[in-house]
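These are my notebook entries on one structure.

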Amino acid sequence: MGSTSAHGENSTGEGLGRRDLIKRSAALGLIAVPTMSFLSACASGGDTTTKGPAKGAVSKDNPFGVPKGGKMDVVVFKGGFGDDYAKAWEAAFDKKWGTTSSHLGTQEITGKLQPRFNGGNPPDVIDDSGAQQIKVDVLAKGGQLADLTQVLDAPSLDDPSKKVRDMLIPGTVEQGTQGGKFVALYYVYTVFGFWYSGKLFKEKGWSEPKTWDEFLAVCTKAKEAGIGGLAHQGKYPYYINVVIMDLIAKKGGLDAMKAIDNLEPNAFEGNPAALAAVEAVYEVVEKGLLMPGTNGLTHTESQTAWNQYKAAFIPSGSWLENEQLKQTPEDFDMKFLPVPVLADSKLPFEAIRAGAGEPFIVPEKAANKAGGLEFLRSMLSREWSTTFAQQANSLTVVKDGVDPGVKLRPGTQSAVAAVKAAGTNTFNYLYPDWYSEMDTEIQNASNELMAQRIQPKEWIKRAQAAVDKAAKDPNAKNNRRS
Amino acid sequence: MSHVARGTGRGGFITGFLILPLALYLTFVIWPYIQTFGYSFTNWSGQSPTFRFVGLDNYAALMKDEVFRGALWHNLLLLVFVPVITILLALFFAFMVNAGGRSGAGGVRGVRGSGLYKIVYFFPQVLSLAILAVLFGAVYRSDAGGLLNGFLTRLGLVDPAHPVEWLNEPNLVLWCLLMVVVWHGVGFYLVLFSAAMQSIPKDIYEAALLDGAGRAQTFFKVTLPLLWDSVQTSAVYLGIAAMDMFVLVSTMTSGQFGGGPDHHSEVMATVLMRNFLYFGKSGYACAMGVVMLVLTMILSIVTLRATRRERIEF
């Protein structure tokens with residue numbers, strides 16, 4: 001998700017430069033398309049020579065037929081969660097199956113993997129995340145992803161009488177479904193909202209705001225105390241969009257959220273909840289309650305400033321604590337706050353946006369596809385889930401997936417409490433995964449709004465235009481939610 | 001008879017040497033270009049080997065793409081300003097370092113300490129663009145922690161509650177980037193021009209000096225005409241750099257592959273990359289690549305033609 005420091009492409013560092021990339025992927029295309037047949041209707045991707053070991057025998061303990069002693073090729077995004085957890089997993093996997101794992105932790109997912117997808121030799125498991133992730137919708141459309149339904153229907157490692165499917169928190173399957181097929185396992189359970197320092201609030205005698213007016217009041221007090229009210233990761237308007245969209249969903253209810261995901265003609269325009277939400281955020285800007293300069297800062301810069309008590313609140317997902325581990329003072333006492341509600345909101349204050357991040361995928365053409373599927377099944381065991389919580393300070397989509405004996409950091413702890421308080425009142429937007437272009441356009445509009453270059457009404461207009469444009473996508477009719 | 005035989009023999013010998021590099025060049029440079037051209041007529045998503053032929057659709061869409069047109073305009077602006085500013089500054093400094101000094105018996109020498117200046121000026125060239133992006137990111141940082149903002153706040157020119165968000169200001173962002181390119185380039189072209197100046201025979205300068213030419217006259221009447229070839233080449237190189245700009249824009253400005261705020265710093269390469277890798281419209285991006293290639297070629301030819309002059313022998 002947003003937990004990276006390598007936004008943007010760097011063509012002079014290690015790895016492939018842009019020109020090289022295009023040339024090389026074109027060169028790979030040359031292998032894939034033996035003649036000039038790119039002008040023909042449907043060039044297929046050459047012969048994928050079957051390499052790797054033969055399939056092992058399928059049994060109850062080995063539902064996918066993982067061959068003993070094969071090879072595993074694992075690529076993970078090395079962002080806010082690091083990649084130590086994956087190394088621990090691979091060691092456990094190798095021990096059990098006698099495989100030899102090759103590990104790659106990188107932020108350049110696209111640069112490293114696109115040529116491999118095009119060449120027909122992708123890895124066996126990929127954590128396809130970060131700013132340079134290969135969009136799951138694009139991969140799914142290209143038929144590059146293995147159907148993971150078989151993992152859901154396999155027996156769980158913790159309790160063989162149950163299916164893996166029953167061990168997951170609700171929403172996991174829906175989120176990973178593209179065009180009716182479950183293709184991506186979003187593994188890290190993430191909650192979104194504001195974050196603040198328990199220590200700062202205690203010192204100043206501020207209490208947790210539950211309504212937007214109370215929120216503005218705390219921001220005003222902060223300003224009087226000489227610090228910024230709201231900080232946000234201005235260079236990446238993704239984060240302030242979380243606030244805007246959560247306000248819309250809370251005020252207008254789940255229907256308002258679905259209207260956006262389903263690209264309805266009145267998703268933004270003519271939707272009073274949307275206008276109220278944007279106006280509420282704009283009020284923070286107008287009243288000068290933003291941390292000075294926050295509009296141009298990167299995520300690390302603004303989060304670090306917030307860790308230095310230069311602002312009261314910052315929006316983010318629950319990867320924040322792990323991402324800021326080194327910059328957070330010992331006694332900071334990080335706390336999660338659901339986005340406060342506007343007057344007459346349909347959802348309560350406790351409602352939170354919750355969803356899963358870090359899509360793990362198994363390519364259709366993986367050499368050891370059975371191994372990849374088994375790897376995913378193991379990830380959904382309590383043992384591997386606990387490993388993740390310990391190494392990466394975050395929760396997974398496995399229900400009660402963390403051993404009670406494990407002590408969590410304060411931010412994660414308060415996030416767990418918020419999840420409990422929310423109960424079934426959770427919601428999640430799907431449009432960022434479905435429509436990259438629309439998401440980007442709304443982000444641009446938000447950047448303009450925060451810099452006071454456009455007004456809320458203009459924001460609504462631009463957001464609606466982005467929705468209307470996305471509605472013309474031929475894929476739009478497959479991506480419907482109810 | 002024997003002369004002809006010897007000629008073909010030598011020709012065969014040379015061809016033997018050239019055939020391998022030529023084959024490599026055709027395979028790894030020219031062929032990908034042709035492929036890109038082919039892909040630009042398809043709806044290739046970039047993540048799968050299957051695609052469909054769509055004819056000129058991509059090019060038609062490109063004509064209507066406001067973001068791309070904006071990017072093209074920014075490239076053209078840079079195309080004018082990057083070479084002009086860089087070459088003028090480089091020429092000025094090179095002249096001062098090599099022939100600007102006034103004292104001394106010979107009369108033709110650089111200003112005092114010119115050796116040191118050359119090293120100092122060349123230094124930015126040693127840094128990679130990625131480092132520059134980080135460096136200038138700190139200079140342009142949008143809060144009081146930025147070098148420029150910190151400096152201006154100290155001087156009382158900027159209100160600490162409203163620091164200048166350099167790279168987030170639509171009217172400033174392109175100029176901020178231009179500054180970085182010029183800062184990076186001047187040193188290299190200074191050294192290039194210095195080398196060219198040093199090959200100019202001293203007697204010409206001495207003659208000019210004896211005739212009572214000042215610094216300006218010496219420069220315009222002697223140095224510049226004799227340097228014309230180097231200036232011309234520099235203009236082409238800088239022009240190509242201005243058509244690219246990818247690394248700086250994508251790392252320093254906001255947005256997926258840069259271009260922000262709201263497309264105000266967009267260049268063709270950033271739009272191309274976003275479509276190629278993020279929106280899954282690689283065929284469309286290939287069409288942009290073809291347009292860029294054509295424009296760059298036209299640019300090179302025009303520059304070389306327009307600046308052609310009588311070559312001065314010395």
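**Entry 1: a buried glycine**

I looked up B:Gly259 and found it buried, as its relative accessible area is 2%. I count a residue as buried under 20% relative accessible area, exposed over 50% and partly exposed in between, with a 1.4 Å probe and protein chains only. The model is predicted, so I take local features only at pLDDT of at least 70 and side-chain atom pairs only at pLDDT 80 or more, while totals for chains, interfaces and linings use all residues. Residues are numbered from 1 along each chain as its sequence is written, chains are lettered from A and ligands numbered from 1 in the order in which they are written, and side-chain values use heavy atoms, without hydrogens and water.

B:Gly259 sits in the loop between helix H10 (246-252) and H11 of chain B. I take helices (H or I, at least four residues) and strands (E, at least two) as DSSP runs, numbered from the N terminus. The C-alpha atom of B:Gly259 is 8.6 Å from that of B:Ala71, although 188 residues separate the two along the chain.

**Entry 2: helix H11 of chain B**

How many residues of helix H11 (residues 268-278) of chain B are buried? I find 11 of its 11 residues buried, including B:Met268, B:Arg274, B:Asn275 and B:Tyr278. Just after H11(B), B:Gly280 has a positive phi of about 65°.

**Entry 3: salt bridges**

I searched the whole structure and found 20 salt bridges over all chains. The criterion is a side-chain nitrogen of Lys or Arg within 4 Å of a carboxyl oxygen of Asp or Glu.

A:Asp83 and A:Lys87 form one, at 3.9 Å from N to O. Is A:Asp83 buried or exposed? A:Asp83 is buried, because its relative accessible area is 4%; A:Lys87 is partly exposed at 43%.

A:Arg462 and B:Asp262 form another, at 2.6 Å from N to O. This pair crosses between chains, with A:Arg462 in helix H18 of chain A and B:Asp262 in the loop between H10 and H11 of chain B. A:Arg462 is partly exposed at 24% relative accessible area, and B:Asp262 is buried at 15%. I also noted one network, in which salt bridges with shared partners join A:Glu437, A:Glu441, A:Lys469 and B:Lys281.

**Entry 4: helix packing**

I looked up two helix pairs. Axes are lines fitted to C-alpha atoms, for helices over the stretch in contact, and angles run from 0 to 180 degrees between N-to-C directions.

Helix H10 (residues 272-286) and helix H18 (residues 456-471) of chain A pack at about 130°, with axes 9 Å apart. H10(A) and H18(A) are therefore oblique to each other; under 35 degrees counts as roughly parallel, over 145 as roughly antiparallel, 65 to 115 as roughly perpendicular, and the rest as oblique.

In chain B, the axes of helix H8 (residues 202-210) and helix H9 (residues 215-244) come within 10 Å and cross at roughly 165°. H8(B) is therefore roughly antiparallel to H9(B).

**Entry 5: a nonpolar patch**

Last, I noted a nonpolar surface patch of about 490 Å², with B:Phe122, B:Phe188 and B:Leu192 among its residues. Helix H4 (114-126) and helix H7 (173-198) of chain B each give two or more residues to the patch. Patch residues have over 30% relative accessible area and no salt bridge; like charges are joined within 9 Å and nonpolar side chains (Val, Leu, Ile, Met, Phe, Trp, Tyr) within 5 Å. Areas come from the Shrake-Rupley method with a 1.4 Å probe, and for residues only the protein chains shown count as cover. B:Phe188 lies in helix H7 of chain B and is partly exposed at 33% relative accessible area.
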